[in-house]
Amino acid sequence: MEAIVDTYVYDSPVGKLTLEFSGRELIGIRFGGNRLKEINPPEYILDWITYLDEYFAGTRREFMTPAVTGGTPFQRRVWQALMQIPYGQTVSYSELADRIGSTRGCRAVASACHRNPLPIVIPCHRVVGKNGSLTGYAGGLNIKKFLLDLENFIK
């Protein structure tokens with residue numbers, strides 16, 4: 001994984017999100033964070049703040065995803081498959097495993113989703129249980145439900 005050289009805490013409708021950058025590239029989004037000092041963020045951070053503001057306003061449905069260099073080859077396959085799930089739709093963990101050719105890899109897919117370095121941008125919140133139930137999300141099920149509701153009801 002690339003070294004983090006800049007962070008910014010973004011106050012989102014789901015709480016604070018810590019945006020992590022290496023150079024000008026977004027490399028991580030973590031739930032939570034504390035703003036230790038007020039800064040005037042550089043343009044590349046302001047761009048991502050705008051993208052996230054648009055997403056939470058319901059006007060942005062996809063992101064230009066930065067290249068993710070971390071993770072195993074399997075995790076990167078899962079993260080790439082997540083990017084193919086359309087806005088406002090969900091798939092099950094087992095369906096996602098089938099899509100990447102890992103028919104019995106449902107638990108491994110769930111683990112890769114949990115390790116997603118760019119939640120929201122790489123939409124792991126769009127993966128649900130086989131029966132449609134909300135299961136597992138690094139930010140908590142309340143945030144997962146919020147994101148799915150946002151995508152399903154703002155058209």
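Predicted model: local features only at pLDDT ≥ 70, side-chain atom pairs only at ≥ 80, totals over all residues.
1. The side chains of Arg-126 and Glu-151 come together in a salt bridge, with 2.8 Å from N to O. This pair connects distant parts of the chain, 25 residues apart. Arg-126 lies in the loop between helix 4 (106-114) and strand 5 (127-128), while Glu-151 belongs to helix 5 (residues 141-153). Arg-126 and Glu-151 are both buried.

2. A second salt bridge joins Arg-30 to Glu-20, and the closest N and O atoms are 2.4 Å apart. Here too the pair links distant parts of the chain: Arg-30 is in strand 3 (residues 25-31) and Glu-20 in strand 2 (residues 15-22), 10 residues apart. As for accessibility, Arg-30 has a relative accessible area of 42% and is therefore partly exposed. Glu-20, at 9%, is buried, because buried means under 20% relative accessible area.

3. Lys-16 and Asp-11 also meet through their side chains in a salt bridge, at 2.7 Å from N to O. Lys-16 counts as partly exposed, its relative accessibility being 35%. Asp-11 is likewise partly exposed, with a relative accessible area of 47%. The cut-off for exposed is over 50%, so the value of 47% leaves Asp-11 in the partly exposed class.

4. How many salt bridges does the count give? The count comes to six salt bridges; among them are Arg-126 with Glu-151, Arg-30 with Glu-20, and Lys-16 with Asp-11.

5. Helix 1 covers residues 43-57, which is 15 residues.

6. Which residues of helix 1 are buried? They are Tyr-44, Ile-45, Trp-48, Ile-49, Leu-52, Tyr-55 and Phe-56. Viewed down the axis of helix 1, these buried residues fall within an arc of 145°, and therefore they line one face of the helix. The spacing can be read against a general rule: an α-helix has 3.6 residues a turn, so residues three or four places apart point the same way.

7. Glu-43 and Ala-57, on the other side of helix 1, are exposed. Just after helix 1 comes Gly-58, which adopts a positive phi of about 85°.

How values were computed. Residues numbered from 1 in each chain as written. Heavy atoms only, no water. Helix = DSSP H or I, 4+ residues; strand = E, 2+ residues; numbered from the N terminus. Expected span 1.5 Å × (residues − 1). Buried < 20%, exposed > 50% of the residue type's maximum accessible area, 1.4 Å probe, protein only. Arc of directions from axis to C-beta. Salt bridge = Lys/Arg side-chain N within 4 Å of Asp/Glu carboxyl O.
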